[in-house]
Amino acid sequence: DRVSLVLSSKVCVSKEGTVAHYGMLATDEIEEGEVLFTIPRSALLHQGTSKVSAVLEKEKSSLESSSGWVPLLLALLYEYTSPQSHWRPYLSLWTDFKTLDLPMFWPTEERDALLRGTGISEAVNRDLANIRREYMDVVLPFITKHPHLWSPDTHTLGLYMQLVAFVMAYSFQEPQEGEDDDEEEAASPPMMVPMADMLNHVSNHNANLEFTPDCLKMVSVRPIQKGEEVFNTYGEMANWQLLHMYGFTEPYRSNSNDTADIPVANLYRVATQGIQSDLDRQLMEEQWEVLCEMMQDKAAFVFGKQGCLTDTELHTVLKVLCMSKEEFSEFKENEGWEEDDEDEDKISLVFSNEGLPGLKASWKWLIHEAARLTVRSYGDDEGKTEGEGSDWALNDQATLAGLNSRQQNALQVRCGQKTILYRLMELTKS
Ligand SMILES: *[C@@H]1O[C@H](CO)[C@@H](O)[C@H](O)[C@H]1NC(C)=O
């Protein structure tokens, strides 16, 4: 009430009857399009509303970093440790961010063992290196320069890491205008949105946060029954992303946005198998070089439950890798395709689950074998018989119940990814 947050009488925050620690429940029938709560912009916590906003604004050029999170994190470091903070009631909900149990807090061996093949360990290692570097290069020099506000003894790397996890799991980013022309659009900085961050996520959500100039509104996107949990969406999230950033997963069958990656390098490895002549090998190497340049930092093809989500890239790679010497020379001379850019809808259809079985045999074989190679990278014998291995014992509640929560989440990620890969192998069988 004091910060003018308005909560509908049809919802409540609860610790019971929700999928996680906190959540929101409907206490009455809710129709589509109803406003569940509104939060004025003054009640959002970010670098502009923190007590230290002036110094952060004045010296913002020294706070630039690849993540763009440093100003918010400095504000949180200050507010979280200031007894008089205006944000005390909000921040005191989190006495220890480790309860999030993000994989970044797991012991390395456990992480590597449970998450092998999922891509999460690699993502966490990149995060940890970035966090450490940002703290040492940007944060520490800054707080040392402002000893009346921060202190290296209080505002340690350890606390910084916990707050990074807090931002990762609970912050919101305002959608940018004209997000489709994805050219160099600076992402908006993250901010903390009290109340909105109480809501849990499912892919098949029933509420959504709207941003208006004056306030933020949580609005139902379909009818919600009395007693049902109100779910926001954190975006279209695969289970590996949910576990990486938020520390939970959806049961893999119900996560309609689950995905599995096939490293581009695996497709190349398959393509080079069985090459006989040095000439062919040389051609393939040249093709690969050109592709690496075209793909830039895209290292994997992403497959969802309905088909390939990076269809344009997959199309390009298959096309180039299957070119004859003559076709490839022509392709290089033209610096790509002339007037050949088939329309995107058609390509996405071709690489959907419906289209895949109809691909030409050479392409299907490449995808099939690359999927097989990728499945092997999990380094276990779950699902040995392509679809009926021990992972699929997930049906069995007793199996899940015998696992701790890290093991359960890891299993959900692996099962989801392998299910997608096996399905893909099925669809591309010769
Ligand atoms: C993500 O899930 C939502 C809700 O189930 C669905 O409408 C949407 O099509 C999914 N997106 C993808 C890319 O699968």
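## Overall fold

Among contacts in the protein between residues at least 6 apart in sequence, where contact means heavy atoms within 4.5 Å, 69% join residues at least 24 apart. This is a predicted model, in which local features need pLDDT of at least 70 and side-chain atom pairs count only at pLDDT 80 or more, while totals for chains, interfaces and linings use all residues. Residues are numbered from 1 along each chain as its sequence is written, and side-chain values use heavy atoms, with hydrogens and water left out.

The protein contains 15 helices and 13 strands, taken as DSSP runs numbered from the N terminus (helices H or I of at least four residues, strands E of at least two). Its C-alpha trace spans about 75 × 50 × 45 Å along the principal axes.

## Surface, burial and charge

Of the 430 residues, 49% count as buried, a term that means under 20% relative accessible area, with exposed over 50% and partly exposed in between (1.4 Å probe, protein chains only). The accessible surface comes to about 22,200 Å², of which 49% belongs to carbon and sulfur atoms; the areas come from the Shrake-Rupley method with a 1.4 Å probe.

The protein carries 37 positive and 71 negative charges, and their mean positions are 6 Å apart. Lys and Arg count as positive and Asp and Glu as negative, whereas His and the chain ends are not counted; each charge is placed at NZ of Lys, CZ of Arg, CG of Asp or CD of Glu.

## Aromatic pairs

The structure holds 15 aromatic pairs, where rings of Phe, Tyr and Trp (its six-membered ring) pair if their centres lie within 6.5 Å, and planes under 30 degrees apart count as stacked, over 60 as edge-to-face and the rest as tilted. In one of them, the rings of Tyr78 and Trp150 have centres 6.4 Å apart and planes at 75°, so the pair is edge-to-face. This pair links distant parts of the chain, with Tyr78 in helix H2 (residues 70-81) and Trp150, 72 residues apart from it, in the loop between helix H5 (120-145) and helix H6 (157-170). Tyr78 is buried at 12% relative accessible area, and Trp150 is likewise buried at 2%.

Tyr234 and Phe248 also form an edge-to-face pair, because their ring centres are 6.4 Å apart and their planes stand at 90°. Tyr234 lies in the loop between strand E10 (229-232) and helix H7 (239-246), and Phe248 in the loop between H7 and strand E11 (259-263). Tyr234 is partly exposed at 23%, and Phe248 is partly exposed at 23%. Elsewhere, Tyr80, Tyr90, Trp94, Phe97, Phe166 and Tyr170 form one aromatic cluster.

## Helix H10 and two further sites

Helix H10 (residues 311-321) is largely enclosed by the rest of the structure, because 10 of its 11 residues are buried; among them are Asp311, Glu313, His315 and Lys319.

Asp96, in the loop between helix H3 (88-91) and helix H4 (108-115), is partly exposed at 32% relative accessibility. Leaving aside neighbours within four places in sequence, Asp96 is in contact with Tyr80 and Gln162. Arg269, placed in helix H8 (residues 264-272), is partly exposed with a relative accessible area of 49%; Arg269 and Leu366 are 97 residues apart in sequence and 9.6 Å apart in space, C-alpha to C-alpha.
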